[in-house]
Amino acid sequence: IQIFDKSADVNSFKIKGESMWLDKSTRVGLFNSISIEKNAGKSDTVLWYDAIKYIIPISDALAMLNALELYALNCYNVTQSHISAVKALQTIEEIENYDYTVGYPVKLSFPG
């Protein structure tokens, strides 16, 4: 369950059709940096991922980070629900037949 939770099956989103993931510390750091840029009067920010430069309007970037944080929180809740459900199962057969891949939110996609 935890390996699936950390895989690209869960931890990914698309921006301009390219798949990527930003871990929690990166999301928090970007949110802080982009908020500072916003307060400084900038209208666009730059996101680098895998040596590709994305220029994104600051309002879109902040909305994207908010959506990603909610997505990650929802995924965490699903993962924890699966762990709890498996702990309550009684037989090896029940555990082997348990589908821990269901219930995750739809992956996000942003135009960039």
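Is Arg 27 buried or exposed? In this predicted model, Arg 27 counts as buried, because its relative accessibility is 5% and the cut-off for burial is under 20%. The partner is Glu 69, at 2.7 Å from N to O. Arg 27 belongs to helix 2 and Glu 69 to helix 3, so this pair links distant parts of the chain, 42 residues apart.

Glu 69 has a further partner. Lys 24 forms a salt bridge with Glu 69, and their closest N and O atoms are 2.4 Å apart. Lys 24 lies in helix 2 (residues 24-39) and Glu 69 in helix 3 (residues 58-88), so the contact ties together parts that are 45 residues apart in sequence. Lys 24 is partly exposed, with a relative accessible area of 48%. Glu 69 is also partly exposed, at 24%.

The structure holds three salt bridges. One of them joins the side chains of Lys 42 and Glu 37, at 3.2 Å from N to O. Lys 42 counts as partly exposed, with 45% relative accessibility.

Asp 5 presents another case. This residue sits in helix 1 (residues 2-5). Asp 5 is buried yet has no salt bridge. The nearest side chain of opposite charge is Lys 6, 4.3 Å away. Leaving aside residues up to four places away in sequence, Asp 5 touches Val 10, Asn 11, Cys 75, Thr 79 and Tyr 104.

Three strands make an open sheet in the order 2-1-5, with mixed pairing. Strand 2 (18-20) and strand 5 (109-110) are the edges, each pairing on one side only. Strand 1 (residues 13-15) runs antiparallel to strand 2, and three bridges join the two. Within this pairing, Ile 15 stands opposite Glu 18.

Strand 3 and strand 4 form a hairpin with two residues between them. Asp 50, in the turn, has a positive phi of about 55 degrees. Six bridges join strand 3 to strand 4 (residues 52-57), and the two run antiparallel. Tyr 49 stands opposite Ile 52 in strand 4. Trp 48 is placed in strand 3 (residues 44-49). Trp 48 counts as exposed, because its relative accessibility is 53%. Together with Val 46 and Ile 55, Trp 48 makes a nonpolar surface patch of about 310 Å².

Technical notes: Residues are numbered from 1 along each chain as its sequence is written. This is a predicted model: local features need pLDDT of at least 70, side-chain atom pairs count only at pLDDT 80 or more; totals for chains, interfaces and linings use all residues. Side-chain values use heavy atoms; hydrogens and water are left out. Two strands pair if DSSP finds at least two bridges between them. Helices (H or I, at least four residues) and strands (E, at least two) are DSSP runs, numbered from the N terminus. Buried means under 20% relative accessible area, exposed over 50%, partly exposed in between (1.4 Å probe, protein chains only). Lys and Arg count as positive and Asp and Glu as negative; His and the chain ends are not counted. A salt bridge is a side-chain nitrogen of Lys or Arg within 4 Å of a carboxyl oxygen of Asp or Glu. Contact means heavy atoms within 4.5 Å. Patches are made of residues with over 30% relative accessible area and no salt bridge: like charges are joined within 9 Å, nonpolar side chains (Val, Leu, Ile, Met, Phe, Trp, Tyr) within 5 Å. Accessible areas come from the Shrake-Rupley method with a 1.4 Å probe; for residues, only the protein chains shown count as cover.
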